[in-house]
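This briefing is intended for a reader who has the coordinates open alongside the text. It is arranged by topic.

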Amino acid sequence: MKTILITGGAGFIGSHVVRLFVRKYPEYRIINLDKLTYAGNLANLKDIENEPNYRFVKADICDFDTILALMKEEKIDGVIHLAAESHVDRSIKDPFTFAMTNVIGTLSLLQAAKCHWESLPEKYEGKRFYHISTDEVYGALQLTRPEGDPAGNECGGGPFGDEFFKESTPYNPHSPYSASKASSDHFVRAFHDTYGMPTIVTNCSNNYGPYQFPEKLIPLFINNIRRGKPLPVYGKGENVRDWLYVEDHARAIDLIFHKGKTADTYNIGGFNEWKNIDLIKVIIETVDRLLGNPKGHSLGLITYVTDRAGHDLRYAIDSTKLKKELGWEPQLQFREGIEKTVKWYLENQEWMDNVTSGDYQKYYENMYGNR
Ligand code: NAD
Ligand code: TYD
């Protein structure tokens with residue numbers, strides 16, 4: 001019997017993690033703590049909200065007293081911390097909110113876990129604080145093969161360059177988002193080194209899949225194609241991202257939470273690098289085909305716009321350690337994952353329309369109060 005606090009469970013990745021844990025471990029009690037910011041949507045968890053081993057708590061991770069009281073009340077054994085401000089473009093406009101939630105919020109959660117666990121007779125025995133981070137903390141890699149070499153991964157390097165982010169790569173964040181995540185990672189490791197808290201950190205590449213807020217590239221573009229709206233490609237569309245299906249990330253989190261080494265770090269990624277413009281063409285092809293549009297119908301929506309400030313050129317994760325030590329590998333091939341993702345957004349237009357109109361927030365206001 002374990003009681004696990006999952007923060008940010010109403011968001012994109014968090015909702016997949018909550019669903020996985022609630023369904024897979026009926027013997028666990030899963031507490032989902034989320035502030036329900038613009039990115040938090042309880043409709044993401046409609047299918048499990050009445051499960052007996054699930055409880056939702058609306059709270060801010062920065063609210064130390066509330067978090068500590070909840071940890072004591074629920075006798076929390078483990079924390080899986082996903083709550084964060086997560087969008088780079090928002091961090092460029094409003095870095096303070098990112099420092100507050102990602103840095104101070106993480107610190108408040110760590111301090112609450114410390115106070116709670118240190119007050120118990122068994123202290124940190126059987127406890128775990130698992131912090132979910134991003135590959136963006138490592139900075140940016142070069143494009144040494146700008147045209148892309150499809151054989152790249154087979155010859156040991158990536159299709160766009162030989163360098164990868166490894167667990168040993170020094171942190172070098174460039175955006176306010178990645179700087180705030182890097183800072184939170186340091187606090188988590190400091191709590192292990194200073195107080196002996198059993199922490200673990202993972203750094204994952206870009207996720208895609210159902211329930212992602214449509215400010216991020218893939219859901220935004222699927223929705224814009226459906227509505228015949230322009231597709232804003234930053235710069236020349238030459239930046240490279242490494243994409244992983246969200247359920248593969250959730251499976252990795254499950255495995256690492258249970259089997260990962262305390263105080264260790266694991267990189268999570270699927271060796272799946274795509275230049276933005278090539279990925280966008282795959283999305284256009286898939287949406288057009290599934291909507292019954294003629295081939296190439298929506299290509300004209302591509303609109304090159306001013307580049308993002310400080311736009312990281314290339315991310316590429318080396319997840320060899322996770323494969324070797326814990327046997328994790330992504331289950332879904334990218335083409336299959338994109339097909340599944342596009343279908344999900346097209347079949348769940350109500351979800352998308354609610355999110356884009358803001359109705360999802362009004363719906364839960366009655367239940368949990370105004371935000
Ligand atoms: P998201 O923006 O979809 O969800 C974040 C959730 O956190 C929302 O439900 C929001 O309401 C909640 N939240 C925000 N501020 C809060 C606060 N102060 N207190 C309590 N809850 C709060 O984010 P996501 O894409 O699901 O990312 C989840 C985590 O995974 C983040 O820590 C992010 O840095 C990390 N990550 C994301 C990706 C990705 O591609 N999306 C990749 C690697 C790592
Ligand atoms: P995003 O989904 O915001 O993730 P991240 O910035 O964390 O990698 O963006 C993915 C890539 O797509 C990134 O290189 C920026 C680019 N992008 C666009 O070209 N246009 C857009 O409208 C968005 C949101 C992103």
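Two strands are taken to pair if DSSP finds at least two bridges between them. Helices (H or I, at least four residues) and strands (E, at least two) are DSSP runs, numbered from the N terminus. By these criteria, strand β5 (residues 128–134) and strand β6 (residues 199–204) pair in the parallel sense over six bridges.

This is a predicted model, in which local features need pLDDT of at least 70 and side-chain atom pairs count only at pLDDT 80 or more, while totals for chains, interfaces and linings use all residues. Residues are numbered from 1 along each chain as its sequence is written, chains are lettered from A and ligands numbered from 1 in the order in which they are written, and side-chain values use heavy atoms, with hydrogens and water left out.

**Seven-stranded sheet**

- The strands of an open sheet of seven follow the order β3-β2-β1-β4-β5-β6-β10, with parallel pairing.
- The edges are formed by β3 (54–58) and β10 (265–268); each has a single partner strand, so one side of each is left without a neighbour in the sheet.
- On average, neighbouring strands of this sheet are turned by 20° against each other, direction ignored.

**Three-stranded sheet**

- A second open sheet has three strands in the order β7-β9-β11, with mixed pairing.
- Here β7 (206–208) and β11 (273–275) are the edge strands, each with a single partner strand, so one side of each is left without a neighbour in the sheet.
- Strand β9 (residues 240–245) pairs with β7 in the parallel sense over three bridges, and Trp 243 in β9 is the bridge partner of Asn 206.
- Helix α7 also lies across β7 and β9, running at about 70° to β9.
- Helix α8 packs on this sheet as well, touching β9 and β11, and its direction makes about 90° with that of β11.

**Packing of α6 on α8**

- Two packed helices are described by the angle between their axes and the distance between the axes.
- The axes of helix α6 (residues 217–226) and helix α8 (residues 276–291) come within 10 Å and cross at roughly 45°.
- The two helices are therefore oblique to each other; angles under 35 degrees count as roughly parallel, over 145 as roughly antiparallel, 65 to 115 as roughly perpendicular and the rest as oblique.
- The crossing of α6 and α8 is right-handed, that is, the near helix is turned clockwise from the far one by less than a right angle.
- On the α6 side, the contact is made by Leu 217, Ile 218, Phe 221, Ile 222, Ile 225 and Arg 226.
- On the α8 side, the contributing residues include Leu 279, Ile 283, Val 287 and Asp 288.

- Most residues other than glycine have a negative phi.
- Lys 75, in the loop between α2 and β4, has a positive phi of about 50°.
- Lys 75 counts as exposed at 58% relative accessibility; buried means under 20% relative accessible area, exposed over 50%, and partly exposed in between (1.4 Å probe, protein chains only).
- Tyr 211, in the loop between β7 and α6, has a positive phi of about 70° and counts as buried at 16% relative accessibility.

**Two further sites**

- Ala 59 is in the loop between β3 and α2 (64–74) and counts as buried, at 9% relative accessibility.
- Leaving aside neighbours within four places in sequence, Ala 59 is in contact with Leu 33, Asp 34, Lys 35 and Thr 66.
- Val 305 lies in strand β12 (residues 302–305) and is partly exposed, with a relative accessible area of 30%.
- Val 305 and Tyr 234 are 71 residues apart in sequence and 5.2 Å apart in space, C-alpha to C-alpha.
- Not counting residues up to four places away in sequence, Val 305 touches Pro 232, Val 233, Tyr 234 and Gly 235.

How values were computed:
Axes fitted to C-alpha atoms, helices over the stretch in contact; angles between N-to-C directions. Contact = heavy atoms within 4.5 Å.
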